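User: I've got a model open and would like to talk through its side chains. Can you take my questions one by one?

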Amino acid sequence: MLETKVDETTDVSMQNCPSWNSLAHIDIIMSLEEEFDIKFDKEKLTKLNSQKILLDEIQKLKK
């Protein structure tokens, strides 16, 4: 999707990944919602702008 190598030690974000633009952001959000059977709060969508923040939010929603 972002064509960037990702692991636990890297915090990929909109600020450091040129291919993470607004369209990619929507695709990431929708893909994660489908994959994990969750729904992100629409008020938080713009703040979900890094790998770490997304992972933290997914963990909260899966509890």
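User: How many salt bridges does the structure hold?

Analyst: Quick note before the count: this is a predicted model, where local features need pLDDT of at least 70, side-chain atom pairs count only at pLDDT 80 or more, and totals for chains, interfaces and linings use all residues. Residues are numbered from 1 along each chain as its sequence is written, and side-chain values use heavy atoms, with hydrogens and water left out. A salt bridge here is a side-chain nitrogen of Lys or Arg within 4 Å of a carboxyl oxygen of Asp or Glu. On that basis, the number of salt bridges is three.

User: Which residue forms a salt bridge with Glu57?

Analyst: Glu57 counts as buried at 8% relative accessibility, where buried means under 20% relative accessible area, exposed over 50% and partly exposed in between (1.4 Å probe, protein chains only). Glu57 sits in helix 2 (residues 51–62) and its partner in the loop between helix 1 and helix 2, so the pair ties together parts 13 residues apart in sequence. Helices are DSSP runs of H or I with at least four residues, strands are runs of E with at least two, and both are numbered from the N terminus. The closest N and O atoms are 3.4 Å apart, and the partner is Lys44.

User: Is Glu33, which meets Lys39 in a salt bridge, buried or exposed?

Analyst: The side chains of Glu33 and Lys39 meet at 3.5 Å, N to O. Lys39 is exposed, at 61% relative accessible area. Glu33 has a relative accessible area of 13%, so it is buried.

User: How far apart are the closest N and O atoms of Lys52 and Asp56?

Analyst: Both residues are in helix 2, four residues apart, so about one helical turn separates them. Asp56 counts as partly exposed, at 32% relative accessibility. Lys52 and Asp56 form a salt bridge, with the closest N and O atoms at 3.0 Å.
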